[in-house]
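Subject: Structure for your files

Hello,

Here is the structure I said I would send. My notes on it follow below.

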Amino acid sequence: MMLDVAETRQGSWTVLQVRGELDLVSSPVVRQRVHDAVAAGQHDVVLDLSGVFFCDSSGVGVLIAARRLMRSCQGRLRLILPARGAEDGSHVNRVLGALGVRRLFEVYADTGSATDDGARPLTA
């Protein structure tokens, strides 16, 4: 399956909705879209991974690189994990947990909460 990344704006947030497999072949697309957002001056980014059904270590690497990039420009990165990600065993959440990097990310249940500055992230 191909990867699709759709971009929308919600307030000050750029929301990149990712659908498909986040793997060695497709992860450079996500990396580039995050870099493009930052280059355009958009420093608040939500990666909506609710449409991602597979993520390998390359995908995790892109997420970590995106976090590093956003921190370097005093930006913010938030994730939306699929299928109640932090609450159940979604694939992306399991991969992040197994690699010990889940705690690095602010995870939200949906776009509304991820783009609400008053909302609290889900617990790991």
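V45 stands opposite L77, a residue of β4. Their strands, β3 (residues 44-55) and β4 (residues 76-80), pair in the parallel sense, with five bridges between them. Please keep in mind that this is a predicted model.

The pair belongs to an open sheet of five strands, ordered β1-β2-β3-β4-β5, with mixed pairing. β1 (4-10) and β5 (106-108) each have a single partner strand, so they stand at the edges and one side of each has no neighbour in the sheet. From one strand to the next, the twist averages 25 degrees.

Helix α3 (residues 91-98) lies across β3 and β4, at about 100 degrees to β3.

Which of its residues are buried? They are V92, N93, V95 and L96. These four cover an arc of only 165 degrees around the axis, which means that they sit on the same side of α3. An α-helix has 3.6 residues a turn, so residues three or four places apart point the same way. The partners against which the buried residues of α3 pack are β3, β4 and α2 (57-72).

After α3 comes G100, with a positive phi near 75 degrees.

Regards

Methods
Residues numbered from 1 in each chain as written. Predicted model: local features only at pLDDT ≥ 70, side-chain atom pairs only at ≥ 80, totals over all residues. Heavy atoms only, no water. Pairing = 2+ DSSP bridges. Helix = DSSP H or I, 4+ residues; strand = E, 2+ residues; numbered from the N terminus. Axes fitted to C-alpha atoms, helices over the stretch in contact; angles between N-to-C directions. Contact = heavy atoms within 4.5 Å. Buried < 20%, exposed > 50% of the residue type's maximum accessible area, 1.4 Å probe, protein only. Arc of directions from axis to C-beta.
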